[in-house]
Amino acid sequence: MPGSPAAAPDTVLVVDFGAQYAQLIARRVREARVYSEIVPSTMPVAEILAKNPAAIILSGGPSSVYAEGAPRLDRALFEAGVPVFGMCYGFQLMAATLGGTVDNNGAREYGRTELHVSKVSSTLFEGTPAEQPVWMSHGDACSAAPEGFSVTASTDLVPVAAFENDEKKLYGVQHHPEVMHSTYGQQVLEHFLYRGAGIKPTWTTGNVIEEQVAAIRAQVGDKRAICGLSGGVDSAVAAALVQKAIGSQLTCVYVDHGLMRKGETEQVEKDFVAATGANLKVVDAEERFLNALAGVSDPEEKRKIIGREFIRVFEQAQLEILQEDGPEVAFLVQGTLYPDVVESGGGTGTANIKSHHNVGGLPDDIEFELVEPLRQLFKDEVRMVGQELGLPAEIVQRQPFPGPGLGIRIVGEVTKDRLDLLREADAIAREELTAAGLDTEIWQCPVVLLADVRSVGVQGDGRTYGHPIVLRPVSSEDAMTADWTRMPYDVLAKISTRITNEVADVNRVVLDVTSKPPGTIEWE
Ligand code: XMP
């Protein structure tokens, strides 16, 4: 893989004991400008050490260290001379493995807890207050530290809430320093990295750009690459990075299916090209998609049609690029992110994909090697890279938008008139949310047209019989769960007034006040 992360110097490995803490820890380490990667707790210790980490962090997890089947660690991990920091479950595992005592003494602590630091001059706590709020989440507790460790903090219920053995470079805390509610958590983590492990904070997204540019050049050589642009952040940043590396050897393809929001196609056509200088092939396929969608109201059916047509059009564009004069087209660029890599098992190998060419007329033996320059990055880091590459804020800060576009935000049949109407309403909502400074607070705000519903209204002198528009502002961290955003009434009022005044055939605006679950974010 380009810039193989295992080989990066000063890499901190976060051993993942489950429950989603590991990703947050890895992000916090990177915020401290130290490169980090996640490895599963099932990875043998020899393999972890073979990666030559500068330090190791043991994450929290849902188990009890003495429970049957709970993840364990070979003692060798603590004897290799590599600095180790255990947090929560990782702390208890370190204690239990090295001869300390962990038991279930009823000292459960969940949520905000006061930590009493007994050694403010310790490696982890120096410069932090003797009393500090931390975030706890544990049933078991450590009652005796292993030999050679000094206890550095306690809570009202837990006698050993932090310990360290400076000589062996082993550190642990019962709480979750990675969580925002642990006020000095980032400082404690940085103390471990810089003071405990002696790592210098040199990693930045700027380094990523340099590294990736070199790696992409080495991978692609003098061949050509294709990148599909969706209008979303990930594909735009991946394309910009590859463009920086190989310039005109890259061709980007953007399929305009006519289901985009107002101004989006222009944004890709003008702003993206202006910022990157990329070769862009825009395929105007609106008519084709609308014809294929005619008469269809079922959401799953719509999704299938949009997906199918998309592949056909994209492959046709690929075929045209393949037929142009020039070096072999051997690479396909994809905006895969680190969470996708972790969630799919963390493989670091180079994948080949065979294009689905049963419909587009591509030759049978076409195989692309993938270029995935964002495989090491979290979403916020992708945004930073995009910003450093000079992409406009409108692209880099975009909220998530589904691939099938407005096609799944019309409940009912998709027609050109309805799309135009929804585009207007959506543009008004976006404009007002931005003007109110709500873009970062709101995860995304689908605007939905209930095309099959009409209701009576009154406007001007007459009765109307128009459609409702639904506003669906949600707050979320990962779109898996979401809550409806408690938006200021005056902003809602402004959006409602403008939509009913400015968008013909709409006489009501309603607010969706359902969380996910039970609702989904999109209506469809
Ligand atoms: P739901 O509606 O399932 O949406 O709560 C969760 C998140 O996924 C987005 N979404 C999609 N994104 N292609 C995408 O790239 C799709 O087909 C698609 N469908 C839903 C949705 O906008 C939300 O962020």
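In the predicted model, the side chain of R303 places an N or O atom 2.7 Å from an oxygen atom of the ligand. On its own the ligand has 500 Å² of accessible area, of which the protein covers 68%.

Salt bridges number 30 in the model. One of them joins D380 and R27, with an N to O distance of 3.5 Å. The partners are 353 residues apart, D380 in helix α11 (residues 379–388) and R27 in helix α1 (residues 21–31). D380 is partly exposed, at 30% relative accessible area, and R27 is likewise partly exposed at 30%.

R288 and E309 form another salt bridge, at 2.7 Å from N to O. This pair connects helix α8 (residues 286–293), which holds R288, with helix α9 (residues 299–323), which holds E309, across 21 residues. Here R288 is partly exposed, with a relative accessible area of 37%, whereas E309 is buried at 4%.

A salt bridge between R498 and E432 has an N to O distance of 2.7 Å. R498 belongs to helix α14 (residues 489–502) and E432 to helix α13 (residues 416–435), 66 residues apart. Both residues, R498 and E432, are buried. Salt bridges also link R261, E264, R398, D426 and R430 into a network.

Technical notes: Residues are numbered from 1 along each chain as its sequence is written. This is a predicted model: local features need pLDDT of at least 70, side-chain atom pairs count only at pLDDT 80 or more; totals for chains, interfaces and linings use all residues. Side-chain values use heavy atoms; hydrogens and water are left out. A polar contact is a pair of N or O atoms within 3.5 Å; within protein, one must be able to donate a hydrogen and the other to accept it, and residues adjacent in sequence count only if both atoms are side-chain atoms. Accessible areas come from the Shrake-Rupley method with a 1.4 Å probe; for residues, only the protein chains shown count as cover. A salt bridge is a side-chain nitrogen of Lys or Arg within 4 Å of a carboxyl oxygen of Asp or Glu. Helices (H or I, at least four residues) and strands (E, at least two) are DSSP runs, numbered from the N terminus. Buried means under 20% relative accessible area, exposed over 50%, partly exposed in between (1.4 Å probe, protein chains only).
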